[in-house]
Amino acid sequence: MHRLLEILEHEGPVPAEDLATRLGCSVEAVEASLQQAREQGLLLRYSALISWDKADKPHVFAFIEVEATPEHGTGFDHVADYIGRFDEVHSVYLMSGRADLTVVVQGEDFREIARFVAEKLAPAPGVKATATSFVLKTYKMEGELLTEEPGNKRLAVSP
Amino acid sequence: MPPSGIREFFDLVQEMDDVISLGVGEPDFPTPWKICDAAIQGLRHGITSYTSNAGLLELREAIAEDLYARYGVEYDPANEIVITAGVSEGMDVAMRAVLNTGDEVVVPQPCYVSYVPCVELAGGRAIALETREDDAFRLQPAALDEVITDRTRALLMGYPNNPTGAVMSRDDLLPIAEVADRHDLLVISDEIYAHLTYDGSHTCFASLPGMKARTLLLNGFSKAYAMTGWRLGYACGPPELIEGLVRVHGYTALCGSVIAQLGALEALRSCEPEMRQMVQQYDERRRVFVKGLNDIGLRCFEPKGAFYAFPSVQETGLTSREFSRRLLFEEKVAVVPGPAFGPCGEGFVRCTYATAMDQLQEALARLSNFVQRLGT
């Protein structure tokens with residue numbers, strides 16, 4: 001199951017027949033695993049990995065450290081859920097260390113993110129303080145190194 | 001001495017664009033960065049001198065530990081291991097240290113391109129011994145027994161095999177050991193693809209009862225750790241044999257590259273997960289590619305090791321060379337004609353599946369076109 005999920009994570013949707021051949025098991029077993037993964041919420045969706053730096057479309061990411069007020073019984077769950085509902089928010093993590101949450105926000109430009117932080121995030125219930133760091137350049141994301149020149153470095157024929 | 005059949009094909013491919021090459025004999029992964037980092041740190045700290053002829057003791061110790069952990073074979077790092085510039089140099093040095101002029105070496109074929117030339121360069125006579133697809137390209141003890149003469153000094157074999165992908169299990173090797181023992185042969189066992197064994201585990205020839213004393217084990221880092229260009233391998237054997245190898249190696253290569261030795265040390269210390277990850281991917285590609293070949297109608301016996309498939313092209317009515325040339329010119333897929341690995345490779349071609357999955361699938365589609373066109 002873990003290898004199956006790894007393949008999907010790296011390659012996106014792969015026909016069950018191909019997965020069965022690669023993993024040396026039956027198509028039925030692959031389909032059962034896929035269904036189980038969806039039902040248990042392990043497999044959320046398929047998506048592509050885009051290097052927005054290279055696209056013409058303006059795109060900015062910011063990592064925002066958030067200090068928040070925990071609640072009895074549920075800790076930071078409610079405030080994290082509240083923040084996560086904004087479309088601008090890419091991801092939300094509970095952190096060890098100084099800040100309580102790290103919120104990744106995406107927008108078209110710096111001003112859009114600044115406005116979001118000032119008008120939506122900072123005033124959100126439970127949020128005490130924020131510290132915003134903008135991403136200037138992406139070198140590696142989701143395991144993909146973006147600094148590498150594509151191309152084959154091997155000889156075409158070798159012993 | 002003729003040029004390697006691989007080299008000849010290389011010149012053709014070089015002149016063409018958009019070729020999907022299944023003709024390579026090396027991983028498509030880059031060397032794990034931890035290994036590169038260790039080498040870079042070595043350079044930064046000024047570790048740039050000669051090492052002892054046998055290689056860094058630390059590396060020999062790590063190799064001994066690795067072999068013991070994997071196969072239960074004990075080698076003394078002090079005098080039973082020598083670090084070489086890949087298995088290629090280990091092979092050459094071994095032949096020169098071991099053979100007297102006219103000594104015979106049995107070489108099961110198809111086999112790696114350098115086996116026969118290495119024997120001949122050292123003044124020996126290579127006795128080719130054909131293995132057959134019907135035997136899953138495994139060496140047969142009776143056939144070995146038959147070609148042995150008074151002049152036979154050694155058996156030189158490589159399993160998992162390049163180019164067939166054949167493996168020899170412990171049960172397959174035991175009767176070979178018996179023949180070697182009866183005729184007092186040295187067994188030179190090239191196990192460079194040992195880690196790339198699928199469906200079961202690799203048996204090290206030296207781990208068979210009584211065999212350590214008559215085995216020269218050759219191995220290296222090129223295939224398992226994606227380090228082909230680093231040129232680093234090693235030879236292990238009884239002290240008197242290794243002493244001979246170290247002497248020849250000392251006069252010719254002096255020592256293995258110290259930078260590569262640092263990289264190899266890091267490979268053994270920390271890159272087991274990276275290596276396993278690569279092996280897992282080869283295994284998946286192997287299943288897809290071999291099934292694809294058989295579906296197309298290119299009969300392919302199931303390779304259980306290395307990263308090669310060795311399909312038969314006999315049904316197409318073409319020779320290996322014609323098949324390979326036409327496939328290259330008409331569909332831009334490069335494979336290596338079987339006879340590059342010995343005359344009995346006629347009727348087969350070698351395809352490397354150490355190639356990205358999408359490229360493999362595209363290659364299968366082109367192969368399918370080609371074979372269909374031949375059939376009509």
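How many bridges join strand β1 (residues 60-68) of chain A to β3(A)? I began my notebook with this question, and I found 7 bridges, with the two strands running antiparallel.

**Entry 1: ground rules**

I noted that this is a predicted model, in which local features need pLDDT of at least 70 and side-chain atom pairs count only at pLDDT 80 or more, while totals for chains, interfaces and linings use all residues. Residues are numbered from 1 along each chain as its sequence is written, chains are lettered from A and ligands numbered from 1 in the order in which they are written, and side-chain values use heavy atoms, with hydrogens and water left out.

I also wrote down that helices (H or I, at least four residues) and strands (E, at least two) are DSSP runs, numbered from the N terminus.

**Entry 2: the sheet of chain A**

I looked up the sheet of chain A and found that 4 strands form an open sheet in the order β2-β3-β1-β4, with antiparallel pairing; two strands pair if DSSP finds at least two bridges between them. At the edges I found β2 (89-94) and β4 (127-134) of chain A, each of which pairs on one side only. Neighbouring strands of this sheet are turned by 20° against each other on average, direction ignored. Helix α4 (residues 77-84) of chain A packs on the sheet and touches β1, β2, β3 and β4 of chain A, and its direction makes about 170° with that of β2(A). For such angles, axes are lines fitted to C-alpha atoms, for helices over the stretch in contact, and the angles run from 0 to 180 degrees between N-to-C directions. I then followed helix α5 (residues 110-121) of chain A, which lies across β1, β2, β3 and β4 of chain A and runs at about 20° to β1(A).

As a reminder to myself, strands of a sheet pair through backbone hydrogen bonds, either parallel or antiparallel.

**Entry 3: A:Thr102**

Is A:Thr102 buried or exposed? I found this residue in strand β3 (residues 101-107) of chain A, and A:Thr102 counts as buried because its relative accessible area is 12%; buried means under 20%, exposed over 50%, and partly exposed in between (1.4 Å probe, protein chains only). Leaving aside its neighbours within four places in sequence, A:Thr102 is in contact (heavy atoms within 4.5 Å) with residues including A:Phe63, A:Glu65, A:Val92 and A:Tyr93.

**Entry 4: chain B as a whole**

I turned to chain B, which has 12 helices and 12 strands. A compact globule of 376 residues would have a radius of gyration near 21 Å, and chain B has 20 Å, which agrees; this radius is taken over C-alpha atoms, and the globule rule is 2.2 Å times the number of residues to the power 0.38. Of the 376 residues of chain B, 60% count as buried, and along its principal axes the C-alpha trace spans about 65 × 55 × 40 Å.

**Entry 5: where the chains meet**

I found 14 residues of chain A in contact with 28 residues of chain B. The two chains bury about 1,700 Å² between them, 54% of it on carbon and sulfur atoms; buried area is the accessible area (1.4 Å probe) that two parts lose on being put together, summed over both. A:Arg154, A:Val157 and A:Pro159 supply 41% of the area that chain A buries against chain B, more than any other three residues.

**Entry 6: backbone details in chain B**

Which peptide bonds did I note as cis? One runs from B:Tyr159 to B:Pro160, with omega near -10°, and another joins B:Asn162 and B:Pro163, with omega about 25°. B:Pro160 lies in the loop between β5 (152-158) and α7 (170-182) of chain B, and B:Pro163 is found in the loop between β5 and α7 as well.

Lastly, I looked up B:Asp18, whose phi is near 60°, a positive value in a residue other than glycine. B:Asp18 is exposed, because its relative accessible area is 63%.
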